[in-house]
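Biologist: Could you walk me through this one and tell me what stands behind each term you use?

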Amino acid sequence: MTSRRQFLLLTCGALAAGEAVAQLDPNIAAKREAALRAAIGKITDGKPIRTGKVKLQVPPLIDNGNTVPLAVAVESPMTAENHVKAIHVLTEKNPQPYVLSAHLGPRAGRASLSTRARIADTGRVIAIAQMSDGSFWQDSVSVVVTLSACLEDGLI
Amino acid sequence: MLCMSLQAGEIPLGERRSGYEFMGRDTRAMQDDDSTNPALFWLMDGETLWKRKDGVAACSSCHETMKGVAARYPKVAGGRAVNLEQQINACRSERQKAAPLAYESRELLALTAYVARQSRGMPIEAGWNERTEAGRALFTRRQGQLNLACTQCHDDNWGKQLSGTTIPQAHPTGYPIYRLEWQDMGSLQRRLRNCMIGVRAEPYPYGSAELVDLELYLMWRARGMKLETPAVRP
Amino acid sequence: MARVAITAPSSAKKGEIIEIKTLAAHVMENGFRRTQEGALIPRDIITQFVCTYNGVEIFRAELHPAMAANPLIAFTTVATESGTLEFKWTGDNGYAETQSASLSVS
């Protein structure tokens with residue numbers, strides 16, 4: 001999907017500075033996956049994550065990746081004994097996996113939040129909930145990011 | 001690939017659709033919820049600026065309501081079309097004795113959005129005159145390295161896909177808009193210049209007679225459609 | 001000029017769950033973009049958001065470069081007593097904004 005113009009810009013950028021090299025790195029997919037795994041590992045401290053309880057809402061087809069509305073809701077009574085402590089939102093294909101980490105408690109009444117993220121490319125968005133009993137739950141959604149046909153200028 | 005013929009086929013009035021209808025549900029929701037539409041910051045700033053004395057007066061010193069005003073711009077006076085931004089600046093120079101605001105400045109976008117918001121839901125009123133004619137000539141003229149006219153995409157091929165995007169009909173129903181691509185608010189002229197860069201043409205400068213004529217033709221083309229300012233677009 | 005915006009009910013019944021929507025006017029420059037000349041645009045983002053209810057923290061979030069410009073954060077709280085909700089955003093380059101909203105609980 002890289003146009004000649006984008007390729008030239010990337011190449012010039014790569015010659016100019018180190019960061020742009022990453023964008024031409026053939027191992028970029030593996031590196032991003034490792035970064036995502038590391039970020040999740042940091043959240044869970046190596047504990048297993050189960051699928052369920054969490055409902056992540058993201059439009060499956062995204063008009064523009066710059067502003068993607070998303071909502072997370074977690075099944076929980078939100079009592080002092082049994083509540084959601086944190087909700088983490090991550091993406092698979094961004095240069096850095098994190099989007100947002102929210103810390104809440106029984107006073108929220110309901111374990112839900114909504115926000116807007118940047119999603120660079122087609123891939124998974126993941127929401128992880130940390131419960132007061134120490135368990136972790138997740139939901140993930142695969143999204144398609146469509147690219148605008150007429151880009152304004154040379155910001156890459 | 002670009003073997004479209006130049007038909008200059010105007011869209012029948014009943015088939016016209018706002019860009020809103022080409023957006024996903026979530027982007028529509030972003031526009032519809034006044035409390036989370038990102039343009040709210042420009043509306044808030046616009047209200048502040050409207051009421052603040054600048055030069056010898058505030059906008060609100062003379063004007064009570066601007067309801068319906070944006071639906072009638074650009075206006076033609078003395079053989080020249082004047083858009084809302086230019087009218088605001090003319091008012092500043094002539095009435096307020098204040099310095100004009102730069103095109104695309106946060107202040108001018110805020111004031112324009114604040115004025116245009118007051119016409120939300122009102123039908124666009126535009127008659128035909130010689131400036132509209134000039135605007136149509138620009139809309140139908142091939143330009144740029146891609147040798148494309150506006151009409152080829154927006155009259156003849158709306159609804160089809162260009163890259164991952166659906167080509168809209170190009171009705172200026174919601175300006176200034178918060179565009180997700182820009183992550184910012186922008187005027188109709190910014191959008192028109194974008195399109196020109198898109199077809200590899202040299203864009204006309206901000207405030208040029210050509211861009212205002214084009215605005216005027218687009219408003220005529222969208223006559224009767226309802227204003228949505230501040231719109232959100234991808 | 002407006003830097004932040006809060007949408008929250010001004011009154012609620014005791015025990016009711018209320019939704020609070022917050023927006024901050026901020027470019028959220030992600031630190032990965034370049035100018036046309038190839039220079040890296042330095043990161044400039046909001047990094048933290050905290051909401052307190054009568055002085056007690058009820059919600060906190062860490063924000064990353066993948067948050068959209070003019071970030072929206074919407075969340076809920078139980079209306080327990082009349083008082084003040086305080087909101088604080090902090091970030092790169094000394095960015096700090098505060099806002100408050102009063103809530104009357106019956």
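Modeller: A word on the model before we start: it is predicted, so local features need pLDDT of at least 70 and side-chain atom pairs count only at pLDDT 80 or more, while totals for chains, interfaces and linings use all residues. Residues are numbered from 1 along each chain as its sequence is written, and chains are lettered from A and ligands numbered from 1 in the order in which they are written.

Biologist: How do you know how many helices and strands chain A has?

Modeller: Helices are DSSP runs of H or I with at least four residues, and strands are runs of E with at least two, numbered from the N terminus. By that rule chain A has three helices and nine strands, in the order α-α-α-β-β-β-β-β-β-β-β-β along the sequence.

Biologist: What makes residues of chain A and chain C count as in contact?

Modeller: Their C-beta atoms, placed from the backbone, must lie within 7 Å. On that test, 33 residues of chain A are in contact with 27 residues of chain C. Helix H1 (4-16), strand S6 (98-103) and strand S7 (111-117) of chain A each give two or more residues to that side.

Biologist: Why are S7(A) and strand S6 (residues 72-78) of chain C called paired?

Modeller: Pairing asks for at least two bridges found by DSSP between two strands. These strands have two bridges, in the antiparallel sense, so they qualify. Ser114(A), for instance, has Ala74(C) as its bridge partner in S6(C).

Biologist: And what about chain B, where does it touch chain A?

Modeller: There, 18 residues of chain B are in contact with 14 residues of chain A. Helix H1 (25-32) and helix H8 (188-198) of chain B each give two or more residues to the chain B side.

Biologist: Why is H5(B) called mostly covered?

Modeller: A residue is buried if 20 or more other C-beta atoms lie within 10 Å of its own, exposed if 12 or fewer, and partly exposed in between. In H5(B), 10 of its 12 residues are buried, among them Leu108(B), Tyr114(B) and Arg117(B). The buried residues pack against helix H2 (40-51), helix H4 (84-96) and strand S6 (184-186) of chain B.

How values were computed: Two residues are in contact if their C-beta atoms, placed from the backbone, lie within 7 Å.
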